[in-house]
Amino acid sequence: MLDQHELAWLLAACEELPDFGEEDRPFDYLEALFITVLDFHSRGEMVEKALDHYTATARAKLKLTGHQSLQKWLARYGDNQAELEKASLALWGNRHWTRLRLLKQLVAYFDEQGVVDATTLRHWAMKADFERDFKGRVKGLGYTVFHWLQLRCGVPTIKPDVWVLNFVQRVIGRRPTEREAVQAFVALAPYLKVPLARLDKIIWTTEREWIDEGDCPGMRIVFWRLMQQLMVSRLDACAPGWRAWATLTVDAPERLRYGIGGLEWRVRREIGGWMPGEGVKLWQDEPAEGFPLIVEINAGVEAAPSA
């Protein structure tokens, strides 16, 4: 538990935060289940895209009206990777089969608990205790996910993810445990200018904007400029004349500093087995010290040019 001095420092730091943050989507029972299994160790862009696919296409097409209809639809698919990928494509427009497996387990668990709609989910969330009611019930969903679900259901808690832990560490000078962070914010809740759900969004937004101390956003621009030069050099050597049928573009500096950005090699006309619009994208994940990279290959054919 944070001591009195640390709590005082944290309260003062919270009061100094600007009152802004991205708005949550309107609460929907099925979307609450989807977010629970999708929104951890994932890019926000991916989660929003999956939810938008469900809202715009899958909900009506699959006739998903609530808990029972979702449960019956999920039962059509087996538990192997191929089956789960089919279900994930239909529901979210992606191939995140491991998240679909988590969804099946979560729906089964909630069915046992009598959780079948928004009302019963909120009632469960208000009464639930992690150790007693959630730990180990759905393998892969842990302490942070539990509190994120509680938070969306209106429970005064915090989501102790990396952004919250980084914020607390910078304020008190040491990294708290997940439980220490939750206990601290719950204790401070009566004294804060905004509800914890709002504060969670503010911390998430400011941490992503300002990033961790010791980080050097400008070096990302240098990295991507050098990466572009290296790729141009390689393409010139392996595929002379490639500029006539492909493009290599790098995102704007402001995106490279603080966003999810990188470079993309895209084909303009059919060449060597590649079709127009296909290509390779390399980008940085959400800004953080450590600079994780992601590669995406957009190709509808098996063979690809050596370049």
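Start by selecting Asp 133, which is buried, at a relative accessible area of 14%. This is a predicted model, by the way.

Next, pick Glu 207 and Arg 170, whose side chains meet in another salt bridge, 2.3 Å from N to O. Glu 207 sits in helix H12 (residues 196-210) and Arg 170 in helix H10 (residues 162-172), so this pair ties together parts 37 residues apart in sequence. Check the surface too: Glu 207 counts as buried at 2% relative accessibility, while Arg 170 is partly exposed at 29%.

Now jump to Arg 95 and Glu 85. They form a salt bridge as well, with 3.5 Å between the closest N and O atoms. Arg 95 is in the loop between H5 and helix H6 (97-113), and Glu 85 is in helix H5, ten residues away. Arg 95 counts as exposed at 52% relative accessibility; Glu 85, at 18%, counts as buried.

Stay in helix H5 (residues 81-92) and select Ser 88. Is Ser 88 buried or exposed? Buried, with a relative accessible area of 0%. Its side chain reaches the backbone nitrogen of His 96 at 3.2 Å. Show the surroundings and you'll find that Ser 88 touches residues including Gly 93, Trp 97 and Leu 100.

Last stop: select Glu 6, Arg 174 and Glu 180, which are linked in a network of salt bridges.

How values were computed: Residues are numbered from 1 along each chain as its sequence is written. This is a predicted model: local features need pLDDT of at least 70, side-chain atom pairs count only at pLDDT 80 or more; totals for chains, interfaces and linings use all residues. Side-chain values use heavy atoms; hydrogens and water are left out. Helices (H or I, at least four residues) and strands (E, at least two) are DSSP runs, numbered from the N terminus. Buried means under 20% relative accessible area, exposed over 50%, partly exposed in between (1.4 Å probe, protein chains only). A polar contact is a pair of N or O atoms within 3.5 Å; within protein, one must be able to donate a hydrogen and the other to accept it, and residues adjacent in sequence count only if both atoms are side-chain atoms. Contact means heavy atoms within 4.5 Å. A salt bridge is a side-chain nitrogen of Lys or Arg within 4 Å of a carboxyl oxygen of Asp or Glu. Lists of a residue's contacts leave out its neighbours within four places in sequence.
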